[in-house]
Amino acid sequence: MIVLGIETSCDETGVAIIRDDRTILADLVLSQLKEHEVFGGVVPEIAARSHLTHLDPLIKAALQDAGLNWSDIDGFAATSGPGLIGGVMVGMMAAKALALVHQKPFIGVNHLEAHVLSPRLLEDIPFPYLVLLVSGGHTQLLIAEAVGQYRLWGESRDDAVGECFDKAAKLMGLPYPGGPNLEKAAATCVDPAKARKQFPFGIPLEHDPGLDFSFSGLKTSVRNTVDKVLSDGTIKQADLSAIASSVQSTIAETLGRQCEKAMKKFNIAYHQPKLSLVVCGGVAANQTVRQTLQTACDQNGFAFMAPPLKYCTDNGAMVAWAGVEMLAVGLTSPLSLPARPRWPLELLKDQAA
Ligand code: KG4
Ligand code: ZN
């Protein structure tokens with residue numbers, strides 16, 4: 001079975017074609033980075049127009065890369081939310097039109113589910129597994145029980161962790177996109193342990209027994225710290241790299257602590273012979289976050305599963321793969337499926353019923 005998947009929910013136009021034996025037949029991503037860079041963030045209207053311009057040639061190129069005909073495609077999947085609604089509609093309408101013309105199923109994919117299932121594209125991780133979803137719009141601890149079936153254990157009460165990376169980077173004067181540029185700035189810090197002492201940031205919700213997150217206070221602390229070291233409107237390079245390093249390791253430690261608590265809870269709630277923590281979403285590309293979570297997994301007997309870097313940020317392959325998984329269990333969508341700016345994962349189960 002072969003599925004073509006389309007991702008257009010933010011600023012990457014992605015198209016991929018994947019077979020159910022995990023063979024990636026085509027995988028194309030066009031980043032709109034340059035178009036949004038001058039504005040310091042994603043402009044929804046520009047993103048939607050750009051998807052419209054680039055999607056059609058990208059679909060044709062993907063089919064050519066895969067060496068397939070339209071008749072070889074068994075289903076057309078597209079991100080149907082959550083995300084920037086203009087872009088979501090562009091991708092969805094393309095997949096619906098292709099499905100209608102070629103008389104094949106349309107599969108409306110929840111973007112968060114695509115992230116959560118993305119590591120299964122590379123290997124068969126058995127359900128249920130623990131998930132840390134860390135993207136630009138979401139920070140959630142979830143249990144993936146089956147395709148279309150998710151249980152929410154904790155989430156951010158305010159800013160998402162990717163948003164915190166982006167806003168902290170902006171406050172430090174780093175260019176868009178914030179997360180990757182903050183990681184680059186932190187990499188130039190010669191003594192991360194000293195930086196953490198020099199610019200200390202509290203661990204959000206440190207004494208809270210639950211599994212929620214909060215990142216808005218950290219953002220405010222970064223603003224106050226930056227204000228203190230600014231002289232004539234600029235930050236010394238050494239201060240910049242030390243602050244970046246301290247922010248990054250504080251975020252990584254925060255995520256690691258909550259994951260450790262969730263692992264202990266998972267051990268009690270589920271009797272699984274193979275325990276896995278899946279980390280996905282754009283922030284899963286951060287090496288310090290990955291290393292911290294790897295250590296937490298090693299100490300708790302969990303396998304650390306994270307997609308390769310290019311499948312952490314938005315891409316068509318994760319949507320095509322979610323389409324494969326959904327089609328395999330008969331989860332297809334009507335052509336009337338709406339585009340949703342918000343679409344919580346834990347509601348999927350009720351919607352399928
Ligand atoms: O999953 P994603 O590509 O888009 C959403 O669905 O939101 O995640 C984008 C987020 C942005 O906030 C971006 O700054 C962050 O992921 N990000 C990173 C890194 N790469 C992307 N944050 C920290 N370090 C990175 N290397
Ligand atoms: Zn995403």
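Good morning. I begin with one pair of residues: V131 stands opposite V278 in strand 9. The model in which they sit is predicted; local features need pLDDT of at least 70, side-chain atom pairs count only at pLDDT 80 or more, and totals for chains, interfaces and linings use all residues. Residues are numbered from 1 along each chain as its sequence is written, chains are lettered from A and ligands numbered from 1 in the order in which they are written, and side-chain values use heavy atoms, with hydrogens and water left out.

Let me place that pair in its sheet. Strand 6 (residues 129–134) and strand 9 (residues 276–280) run parallel and are joined by four bridges. Strands here are DSSP runs of E with at least two residues, helices are runs of H or I with at least four, and both are numbered from the N terminus. Two strands count as paired if DSSP finds at least two bridges between them. In general, strands of a sheet pair through backbone hydrogen bonds, either parallel or antiparallel.

The sheet is open, with five strands in the order 8-7-6-9-10 and mixed pairing. Strand 8 (149–155) and strand 10 (303–305) are at its edges; each has a single partner strand, so one side of each is left without a neighbour in the sheet. On average, neighbouring strands of this sheet are turned by 25° against each other, direction ignored. For this angle, axes are lines fitted to C-alpha atoms, for helices over the stretch in contact, and angles run from 0 to 180 degrees between N-to-C directions.

How do strand 7 (residues 139–146) and strand 8 run? They run antiparallel, joined by six bridges, and A144 has Y150 in strand 8 as its bridge partner. These two strands form a hairpin with two residues between them, and G148 in the turn has a positive phi of about 80°.

A further open sheet has five strands in the order 3-2-1-4-5, again with mixed pairing. Its edges are strand 3 (24–31) and strand 5 (106–110), each with a single partner strand, so one side of each lacks a neighbour in the sheet. Within it, strand 1 (residues 2–7) and strand 2 (residues 12–19) pair in the antiparallel sense over six bridges. One of the residues involved is E7, whose bridge partner in strand 2 is G14.

I turn now to the loops. The peptide bond from F127 to P128 is cis, with omega near -5°, and P128 lies in the loop between helix 4 and strand 6. A cis peptide bond also joins Y176 and P177, with omega about 0°; P177 is in the loop between helix 5 and helix 6.

Finally, the ligand. Which residues come nearest to ligand 1? Of the 18 residues around it, they are G136, D166, E183, G282 and N286, where near means having a heavy atom within 4 Å. Helix 4 (111–117), helix 5 (161–171) and helix 6 (178–187) each supply at least two residues of this shell.

A nitrogen atom of ligand 1 is 3.1 Å from an N or O atom in the side chain of N286. An oxygen atom of ligand 1 is 3.1 Å from an N or O atom in the side chain of H111, and an oxygen atom of ligand 1 is 3.2 Å from a polar backbone atom of G179. Thank you.

Note on methods: A polar contact is a pair of N or O atoms within 3.5 Å; within protein, one must be able to donate a hydrogen and the other to accept it, and residues adjacent in sequence count only if both atoms are side-chain atoms.
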